[in-house]
Amino acid sequence: MKRNAMKSPVIIDLKFDQEQVAAALKGAFADREVINLLHPGSRKRDLSGIDYAVVWRPGADLFSRAKDLKVVFSGGAGVDHVLTLPGLPDVPLVRFVDDTLTTRMSEWVVLQCLLHLRQHQAYEAQRQKRVWRELVQPEAKELTVGIMGFGVLGQDAAAKLKTLGFNVIGWSRSRKQVDGFETFDASGLNAFLAKTDILVGLLPLTPDTKGIFNTGLFTRLSRKGPLGAPVFINAGRGGSQVEADIVASINDGTLRGASLDVFETEPLPLESPLWSMDKVVITPHAAAASDVAALFRHVAGQIERLESGKPLEHLVDRSAGY
């Protein structure tokens, strides 16, 4: 299809796998030019007069080169990395919200809850020692999963966990009314934690959530559940957890175990004790990797809304940080 010279090009500056980006760009934005800044031919391109940029860890000079942007699109669900970029213009910032992202996150959360419910790590340790011994098995309905971060991702995971029989409660800074679930706000944090056997972190990274998952919080979790001690699962942001406290809490029995997809430093340093802890499940920030084709469909749809006079969706509240 012939590109429309009257429509603003789209800048792509994504530190994703470039083969995936190239494959996803085939057929994407068919009615306008695409400027992929990781393509050698685009590195010295004049970016003035361009309205849109899709970014994930962009070049340091992007915003000084593209001074006329009208909208910035985040390449992921999280936006903390965008909000701290030098020179970020005061224009609408749009989060990536898509069913593929939501589904993948829910799959990971459900998997981790089931691994801990069915004591997979304990059975794996037995397997390595060639021990054949059945462990006492609680049912999902005997445990309460508390999800901190009860937005789109949290509510979808909650619905799927509830289908499996888990009791599920939700926490967010401002209380959300969600049919079928007991919810808590900032003032109800202690009550929420006291009910929680498996804690799931899906929080954005803000000044309020930095380091929130620490020993002081873990000690307030329920110890009345059938697993004997609470479990911590985090797929939100690595900056929200204190890894030294996770290690210490597992070693002293405050936590029974953990599943971590995000870390304070990524990749996780080789010297981290988390690597060798048999009660910890580690995945490399892969719980809900962005589907690049879905990202481009999302951006194209939002641009079409804007250019047809409709409001953008999924706008970031910069004062809240998400």
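Q: In this predicted model, which residue of E4 is the bridge partner of valine 55?
A: Strands of a sheet pair through backbone hydrogen bonds, either parallel or antiparallel. Here the partner of valine 55 in E4 is serine 74. The two strands, E3 and E4 (residues 71-74), run parallel and are joined by 4 bridges.

Q: Which residue of E3 is the bridge partner of aspartate 13?
A: Aspartate 13 has valine 55 as its partner in E3. Strand E1 (residues 10-14) and E3 run parallel, with 5 bridges between them. Isoleucine 11 stands opposite alanine 53 of E3.

Q: What is the order of the strands in the open sheet?
A: The order is E2-E1-E3-E4-E5, and the pairing of these 5 strands is parallel. At the edges are strand E2 (34-36) and strand E5 (93-94), each of which pairs on one side only.

Q: How many residues of strand E3 are buried?
A: A residue counts as buried under 20% relative accessible area. In strand E3 (residues 52-56), 5 of the 5 residues are buried, so the strand is largely enclosed by the rest of the structure. Tyr52, Val54 and Trp56 lie on one side of E3, Ala53 and Val55 on the other, and both faces are covered.

Q: Which strands does helix H1 lie across?
A: Helix H1 (residues 18-25) lies across E1 and E2, and runs at about 175° to E2.

Q: What is the phi of phenylalanine 29, and where is this residue found?
A: Most residues other than glycine have a negative phi, and most peptide bonds are trans. Phenylalanine 29 has a positive phi, near 50°. Its place is the loop between H1 and E2. With a relative accessible area of 6%, phenylalanine 29 is buried.

Q: Is histidine 285 buried or partly exposed?
A: Histidine 285 counts as partly exposed, at 34% relative accessibility. This residue sits in the loop between E12 and H10.

Q: Which peptide bond is cis?
A: The bond from glutamate 266 to proline 267 is cis, with omega near -5°. Proline 267 belongs to the loop between E11 and E12.

Q: How many residues does helix H4 have, and what does it reach from its first C-alpha to its last?
A: An α-helix has 3.6 residues a turn, so residues three or four places apart point the same way. Helix H4 (residues 99-117) has 19 residues and reaches 26 Å, close to the 27 Å expected at 1.5 Å a residue. Just after H4, glutamine 119 takes a positive phi of about 55°.

Q: Which residues of H4 are buried, and what covers them?
A: Among the buried residues of H4 are Leu101, Met105, Trp108, Val109, Gln112, Cys113 and His116. The cover over the buried residues of H4 includes helix H6 (152-163), together with strands E6 (144-148), E9 (198-201), E10 (231-234), E11 (257-260) and E12 (280-282).

Q: What is histidine 298 in contact with, leaving aside its neighbours within four places in sequence?
A: Histidine 298 is in contact with Val94, Arg95, Phe96, Val97 and His314. Its place is in helix H10 (residues 292-307). At 7% relative accessibility, histidine 298 counts as buried.

Q: How many aromatic pairs are there?
A: Rings of Phe, Tyr and Trp pair if their centres lie within 6.5 Å. The count comes to 6 aromatic pairs. In one of them, phenylalanine 218 and phenylalanine 232 have ring centres 5.2 Å apart and planes at 50°, so the pair is tilted. Phenylalanine 218 lies in helix H8 (residues 215-218) and phenylalanine 232 in strand E10, so the pair ties together parts that are 14 residues apart in sequence. Both phenylalanine 218 and phenylalanine 232 are buried. Phe213, Phe218 and Phe232 form one aromatic cluster.

Q: Which residue lies over the face of phenylalanine 181?
A: Lysine 162 lies over that face, at 4.9 Å from the ring centre.

Conventions. Residues are numbered from 1 along each chain as its sequence is written. This is a predicted model: local features need pLDDT of at least 70, side-chain atom pairs count only at pLDDT 80 or more; totals for chains, interfaces and linings use all residues. Side-chain values use heavy atoms; hydrogens and water are left out. The expected span of a helix is 1.5 Å times one less than its number of residues. Buried means under 20% relative accessible area, exposed over 50%, partly exposed in between (1.4 Å probe, protein chains only). Contact means heavy atoms within 4.5 Å. Two strands pair if DSSP finds at least two bridges between them. Axes are lines fitted to C-alpha atoms, for helices over the stretch in contact, and angles run from 0 to 180 degrees between N-to-C directions. Rings of Phe, Tyr and Trp (its six-membered ring) pair if their centres lie within 6.5 Å; planes under 30 degrees apart count as stacked, over 60 as edge-to-face and the rest as tilted. A charge sits over a ring if NZ of Lys or CZ of Arg is within 6 Å of the ring centre and within 35 degrees of the ring normal.
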